[in-house]
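Have the structure open as you read.

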Amino acid sequence: MPYTAIKIEDLHVVRGGRPVLQGLNLQVASGSVTGLLGPSGCGKSTLMRAIVGVQIIQAGQVNVLGEHAGSTKLRRRVGYLTQAPSVYADLSIGENLRYFAAILDVGEQRIGEVVQTVGLAGREQQVVGSLSGGERSRVSLATALLGDPELLVLDEPTVGLDPVLRAELWGTFHELAQAGSTLLISSHVMDEASECDELLLMREGALLEQSTPEQLRERTGEQDLSRAFLAIIGQASR
Amino acid sequence: MSPRITLATARRVLWQIRRDPRTIALLLVVPVALLTLMRYVFDGQPGTFQAIGAPMCGLFPFIIMFLVTSIAMLRERTSGTLERLMSLPLAKADLLAGYGIAFGVLAALQALVVCLVGFLLLGLHAPHGAWLIGLLAVGNAVLGMALGLFVSAFARTEFQAVQFMPAIIFPQLLLCGLFVDRHEMAGVLYGFSSALPLTYAYDALARATHPGALGGRVALDVAVIVGATLIALTLGALTLRRRTA
């Protein structure tokens with residue numbers, strides 16, 4: 001029985017005067033790849049921010065790896081990829097990684113590994129500002145991987161990537177999960193849902209459904225997960 | 001707080017500036033150009049050039065580091081890198097001290113160049129030694145940096161941030177005694193200027209560029225500069241939030 005990596009109870013978050021999450025409950029098992037899916041603006045990023053502990057919450061409990069979300073002990077154990085690439089555009093790939101590696105106290109060897117993982121090996125000298133959007137987000141992803149965290153919270157890591165690299169990254173995510181890490185990955189592209197062990201379907205600040213892709217297909221009778229999601233929305237609003 | 005992370009942060013900020021040779025050129029050339037301009041504006045009044053130009057050598061780093069830091073920190077806030085840093089095992093003090101060291105190094109370089117030109121080429125006098133002006137310049141630069149870090153929290157855009165320079169620095173320059181003796185100002189302004197940190201920064205520089213004993217007043221000035229820097233850094237640390245709305 002895998003233990004629970006993320007446990008959220010009755011989470012309420014208000015952003016910009018608007019309630020974004022209203023009494024959300026969920027659990028994520030450790031060692032899994034969980035997809036967080038839903039239309040843009042449904043509260044995925046806010047939920048991820050709450051899990052990482054950078055979001056001010058109005059009410060509720062967010063427990064991560066047995067600690068309160070955002071506690072000091074978790075800063076080394078949780079890796080976070082923000083939706084917009086949060087790396088220094090005026091530094092090279094290598095300089096960015098060396099800075100974050102110094103904060104996490106990891107060595108040159110690990111930098112080489114993560115650069116390889118995101119497919120940017122041999123380009124360490126290149127300044128991030130001169131990279132394409134997809135390449136920048138890969139640098140940002142490499143930074144999140146640096147500390148070999150137990151929990152990886154990745155906000156749309158595959159946006160703007162070509163299909164080959166996208167498939168490679170999903171392969172990497174599964175390797176990480178097999179090695180014991182827990183991954184929570186958001187996407188608004190439904191064709192990535194089938195890559196996940198478990199799916200969290202969100203809409204308008206609430207969790208509509210938590211199930212495996214197979215369960216979702218069975219329950220809705222739809223083979224296509226995108227259509228299955230629409231069916232769930234239809235059931236919920238009926 | 002860890003020396004490893006503090007130094008890595010300082011190195012990172014310096015790396016960022018190194019990528020931007022034009023900024024480095026501006027940092028080093030502009031103060032020298034302005035000082036040279038001043039020298040020839042006051043061509044017929046060498047006394048006035050000494051009274052204004054010599055303290056200016058120690059004030060340029062204050063003004064420029066305020067501006068550069070407020071923009072650098074604003075970028076850190078708006079680009080998402082601050083959010084990432086706040087989710088990592090980095091103490092706020094590491095970030096503040098890292099910035100302090102990096103901009104302190106730049107300020108020292110800037111002060112060195114402007115003092116070399118001012119005291120060797122343009123004929124300014126430093127009766128207590130140009131090194132004292134240089135040291136005060138670095139202290140003032142760190143004060144300017146601390147204020148810049150703090151006010152960056154109140155700007156949402158770079159357009160807003162650049163306007164904190166005229167809003168926060170110009171009044172202090174007018175009131176510090178550089179252009180008009182503070183005793184000749186309206187009483188209210190005299191009182192007000194006593195509460196502004198730049199008044200003390202200028203006072204120390206004015207004494208350091210005047211012949212005659214330095215006196216205990218310079219020690220008081222330095223204490224105020226250090227105190228104001230610590231207060232601004234503390235306020236700045238309060239604006240660095242681990243959690244945001």
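Two strands pair if DSSP finds at least two bridges between them. Strands themselves are DSSP runs of E with at least two residues, and helices are runs of H or I with at least four, numbered from the N terminus. With that in hand, Gly35(A) has Leu199(A) as its bridge partner in β9(A).

This is a predicted model, in which local features need pLDDT of at least 70, side-chain atom pairs count only at pLDDT 80 or more, and totals for chains, interfaces and linings use all residues. Residues are numbered from 1 along each chain as its sequence is written, while chains are lettered from A and ligands numbered from 1 in the order in which they are written.

**Confidence.** pLDDT is the predictor's confidence in each residue, from 0 to 100. Chain A has a mean of 91, with 99% of its residues at 70 or more. Within chain A, helix α7 (residues 225-237) is lowest at a mean of 82, and helix α2 (residues 93-104) is highest at 97.

| Strand pair | Bridges | Direction |
|---|---|---|
| β1(A) (residues 4-15) and β4(A) (residues 59-64) | five bridges | antiparallel |
| β3(A) (residues 33-37) and β9(A) (residues 198-203) | four bridges | parallel |
| β9(A) and β10(A) (residues 206-211) | five bridges | antiparallel |

An open antiparallel sheet of four strands in chain A has the order β2-β1-β4-β5. Its edges are β2 (18-29) and β5 (67-68) of chain A, each with a single partner strand, so one side of each lacks a neighbour in the sheet. Ile6(A) has Val64(A) in β4(A) as its bridge partner.

**Where the chains meet.** Residues are in contact if their C-beta atoms, placed from the backbone, lie within 7 Å. The contact takes 23 residues from chain A and 22 from chain B. On the chain A side, α2(A) gives the most, with five residues.

**A helix pair in chain B.** Helix α1 (residues 3-18) and helix α5 (residues 92-121) of chain B have axes that come within 7 Å and cross at roughly 45°. Axes are lines fitted to C-alpha atoms, for helices over the stretch in contact, with angles from 0 to 180 degrees between N-to-C directions. Among the residues of α1(B) that meet α5(B) are Ile5(B), Val13(B) and Ile17(B).

How values were computed. Contact = placed C-beta atoms within 7 Å.
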